[in-house]
Amino acid sequence: MLWWIAITASLFVLGAWLFRRRWIHPWQELERLVRQIERTEQPKTFLVSGNRHAWRIGTALEQILTRRQELDRELAKGNAE
């Protein structure tokens, strides 16, 4: 009977770890990316592990930052003239 409890507990821990890795960790990475962008820092990477939804949001954040940088350059160029 003790082995049954050990196996069940092991499976529960494994399931919790997989859930965290696939669903919780990517959103923590995205939060870190947003905070870096907010501080006008260039993140090292926009690749987000986990599920495809988080990956797509990371890619969109990269596009937003690129566009923001382009607009900042155009604005600085316009002010210099």
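Glu31 is a handy place to start: with a relative accessible area of 42%, it comes out as partly exposed. On this scale, buried means under 20% relative accessible area and exposed means over 50%, with partly exposed in between (1.4 Å probe, protein chains only). The model is a predicted one, where local features need pLDDT of at least 70 and side-chain atom pairs count only at pLDDT 80 or more, while totals for chains, interfaces and linings use all residues. Residues are numbered from 1 along each chain as its sequence is written, and side-chain values use heavy atoms, with hydrogens and water left out.

Glu31 has a salt-bridge partner in Arg35, with their closest N and O atoms 2.8 Å apart. A salt bridge here is a side-chain nitrogen of Lys or Arg within 4 Å of a carboxyl oxygen of Asp or Glu. The two residues sit 4 places apart in helix α1, so about one helical turn separates Glu31 from Arg35. In general, an α-helix has 3.6 residues a turn, so residues three or four places apart point the same way. Arg35 is partly exposed too, at 42% relative accessibility.

Searching the whole structure turns up 3 salt bridges. Another one joins the side chains of Glu41 and Arg39, at 2.9 Å from N to O. Glu41 is partly exposed at 33% relative accessibility, and Arg39 is partly exposed with a relative accessible area of 47%. Over in helix α2 (residues 52–80), Glu70 and Arg67 lie 3 residues apart, about one turn of the helix. Their side chains meet in a salt bridge of 3.3 Å, N to O. Glu70 has a relative accessible area of 32%, so it counts as partly exposed; Arg67, at 42%, is partly exposed as well.

Back to helix α1, which takes in residues 2–38. Helices are DSSP runs (H or I, at least four residues), numbered from the N terminus. The 37 residues of α1 should span 54 Å at 1.5 Å a residue, and the 52 Å between its end C-alpha atoms agrees with that. The expected span is 1.5 Å times one less than the number of residues in the helix. Even so, α1 has a kink of about 40°, centred on Arg21. That bend is the angle between axes fitted to the seven residues ending at a residue and the seven starting there. As for what is tucked away, the buried residues of α1 are Pro26, Glu29, Leu30, Leu33, Gln36 and Ile37.

A nonpolar patch on the surface brings together Met1, Leu2, Trp3, Trp4, Ile5, Ile7, Leu11, Leu14, Trp17 and Leu18, with about 1200 Å² of accessible area together. Patches are made of residues with over 30% relative accessible area and no salt bridge, joining like charges within 9 Å and nonpolar side chains (Val, Leu, Ile, Met, Phe, Trp, Tyr) within 5 Å. The areas come from the Shrake-Rupley method with a 1.4 Å probe, and for residues only the protein chains shown count as cover. Leu11, one of the patch members, is found in helix α1 and is exposed at 56% relative accessibility.

Trp3 is exposed at 56% relative accessibility, whereas Trp4 is partly exposed at 48%.

Finally, there are the contacts across the chain. Leu47 lies in the loop between α1 and α2 and is exposed, at 62% relative accessibility. Its C-alpha atom is 7.4 Å from that of Thr59, 12 residues away along the chain. Trp55, in helix α2, is partly exposed at 42% relative accessibility. Trp55 and Leu30 are 25 residues apart in sequence, with 9.0 Å between their C-alpha atoms.
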